[in-house]
Amino acid sequence: MDFGMLGTALVMGIAAIGSAIGIGTAGQAAIGAWKRCYMNNKAAPFILTVFAGAPLTQTIYGFLLMQTMQSSDADPGFLLGLGVASGLAMCFSAIAQGKAGAAGSDALGETGKGFSQYIMVVGLCESVALFALVFSMVALG
């Protein structure tokens with residue numbers, strides 16, 4: 001068994017699991033906010049889709065790191081460890097981003113205000129995945 005290739009697959013898979021959880025969390029809140037808007041005869045803000053879709057980027061980061069790892073000649077044990085650790089960092093970043101996006105959807109749906117503040121918090125969650133991607137690529141050389 002090639003443990004390096006296992007790590008390569010795991011980084012993508014674990015990151016995608018986090019994206020799915022985060023999108024589900026934020027998406028449920030966006031749908032709930034739209035429902036409240038409709039019940040109150042208010043316009044439903046389409047911009048809530050930004051909160052719902054934000055955790056998808058961690059899957060992209062997992063894919064980019066997977067591609068870099070596939071072409072690496074690093075030690076298979078190192079690749080396995082890097083894949084698991086980086087995948088988990090991206091996974092938890094996406095989950096946190098989904099929770100922040102859910103809160104942003106709820107607040108924006110109710111008040112119609114504060115999008116820039118809410119999206120900043122979502123972006124902070126994103127930065128964890130970006131750091132994991134960049135630092136992992138640097139570690140690969």
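Analyst: Helix H5 covers residues 115-140, and its 26 residues should span 38 Å at 1.5 Å a residue; the end C-alpha atoms are 37 Å apart, which agrees. The expected span is 1.5 Å times one less than the number of residues. Helices (H or I, at least four residues) and strands (E, at least two) are DSSP runs, numbered from the N terminus. The model is predicted: local features need pLDDT of at least 70, side-chain atom pairs count only at pLDDT 80 or more, and totals for chains, interfaces and linings use all residues. Residues are numbered from 1 along each chain as its sequence is written, and side-chain values use heavy atoms, with hydrogens and water left out.

The buried residues of H5 are Val-122, Cys-125, Glu-126, Ala-129, Ala-132, Leu-133, Ser-136 and Leu-140. Here buried means under 20% relative accessible area, exposed over 50%, and partly exposed in between, with a 1.4 Å probe and protein chains only. An α-helix has 3.6 residues a turn, so residues three or four places apart point the same way. The cover over the buried residues of H5 includes helix H2 (48-53), helix H3 (57-70) and helix H4 (76-111). After H5 comes Gly-141, with a positive phi near 90°.

As for the cysteines, the structure holds 0 disulfides, a disulfide being a pair of cysteine sulfur atoms within 2.5 Å. Cys-125 of H5 is in no disulfide, and the nearest cysteine sulfur, in Cys-91, is 13 Å away. Seen from Cys-91, the closest cysteine sulfur is that of Cys-125, and 13 Å is too far for a bond. Cys-125 counts as buried at 16% relative accessibility; Cys-91 is buried too, with a relative accessible area of 8%.

In the chain as a whole, there are 5 helices and 0 strands, and the order from the N terminus is α-α-α-α-α. The C-alpha trace spans about 60 × 25 × 15 Å along its principal axes. Of the 141 residues, 39% count as buried. Among contacts (heavy atoms within 4.5 Å) with a separation of 6 or more, 85% come from residues 24 or more positions apart. The accessible surface is about 7200 Å², and 73% of that surface belongs to carbon and sulfur atoms; the areas come from the Shrake-Rupley method with a 1.4 Å probe, and for residues only the protein chains shown count as cover.
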